[in-house]
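Welcome! Here is a short tour for anyone meeting this structure for the first time. Take a look at it below, and then we will walk through a few places together.

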Amino acid sequence: MGNRVKCSWAFAIIHCGLRWRITQICSPRHELAIVAFHWQGVTMKTQGEIEANICQGVSRFEQDYMGRGPKDIRAHLIDDLLVVRLKGVLTAAEQHLVQTLPAEKGRDLLKQVRTHLIEMARPLMEAMVHEATGVKVLSLHHDISTTTGEEVVLFTLAESPLFRETKKK
């Protein structure tokens with residue numbers, strides 16, 4: 001058995017960039033417990049809620065700017081990286097373009113157009129990610145497969161977003 005440390009409730013007020021949080025650092029059961037809240041009384045999102053908000057925002061972007069949404073979309077928040085994977089994103093016109101033109105020419109043309117659209121909408125996407133995570137976006141990377149119709153968008157964040165732990169059942 002490990003050493004048990006007796007302690008009473010202890011709280012730390014931590015300044016995190018533009019945010020404040022109260023962190024409970026020791027529970028009455030003598031276990032380390034981390035429970036974080038926004039200082040202004042707004043409940044923090046869970047990691048899953050942040051990822052769901054990102055999926056909704058990127059899907060909406062695809063519908064508005066590319067003409068259709070993905071068949072499947074997943075977001076993964078890994079420390080200060082946000083990876084968004086979209087499946088089934090090619091429109092019928094894009095699929096036809098890739099199939100009828102010589103392989104490299106069709107692929108290059110499609111990637112060039114998609115990259116240009118992403119770059120033009122970069123401020124919009126960065127603002128959406130900032131709103132969902134509360135963290136500034138440092139960089140955005142993008143690629144699309146004309147073979148599988150899969151698209152990957154990677155956001156590098158200034159820091160790992162704060163989120164609350166999910167409740168265990």
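A residue counts as buried when its relative accessible area is under 20%. With that in mind, the buried residues of helix 1 are I50, E51, I54, C55, G57, V58, S59, F61, E62 and M66. Please remember that this is a predicted model.

**Helix 1**

- Helix 1 covers residues 47–66, and its 20 residues should span 28 Å at 1.5 Å a residue; the C-alpha atoms at its ends are 27 Å apart, which agrees.
- What covers the buried residues of this helix?

- Two packed helices are described by the angle between their axes and the distance between the axes.
- Helix 3 and helix 4 pack at an angle of about 60°, and their axes are 4 Å apart.
- Angles from 65 to 115 degrees count as roughly perpendicular, and this pair is therefore oblique.
- On the helix 3 side, the contact is made by I118, E119 and M120, while R122, P123 and M125 make it on the helix 4 side.
- Sorted by class, this contact has four nonpolar residues, two charged ones and no polar ones.
- A121 sits in the loop between helix 3 (103–120) and helix 4 (122–133).
- Is A121 buried or exposed? A121 has a relative accessible area of 3%, so it is buried.
- Beyond its neighbours within four places in sequence, A121 is in contact with F61 and Y65.
- F61 and A121 are 60 residues apart in sequence, yet their C-alpha atoms are 8.8 Å apart in space.

**S139 in strand 6**

- S139 belongs to strand 6, which runs over residues 137–144.
- With a relative accessible area of 19%, S139 is under the 20% cut-off and therefore counts as buried.
- Which residues does S139 touch, leaving aside its neighbours within four places in sequence? S139 is in contact with R122, L154, F155 and T156.
- The side chains of S139 and H141 make a polar contact at 3.2 Å.
- L81 is 58 residues from S139 in sequence, and the two are 9.9 Å apart in space, C-alpha to C-alpha.

Terms used: Residues numbered from 1 in each chain as written. Predicted model: local features only at pLDDT ≥ 70, side-chain atom pairs only at ≥ 80, totals over all residues. Heavy atoms only, no water. Helix = DSSP H or I, 4+ residues; strand = E, 2+ residues; numbered from the N terminus. Buried < 20%, exposed > 50% of the residue type's maximum accessible area, 1.4 Å probe, protein only. Contact = heavy atoms within 4.5 Å. Polar contact = N/O pair within 3.5 Å; in protein donor to acceptor, adjacent residues only side chain to side chain. Expected span 1.5 Å × (residues − 1). Axes fitted to C-alpha atoms, helices over the stretch in contact; angles between N-to-C directions. Parallel < 35°, antiparallel > 145°, perpendicular 65-115°, else oblique. Nonpolar A, V, L, I, M, F, W, Y, C, P; charged D, E, K, R; others polar.
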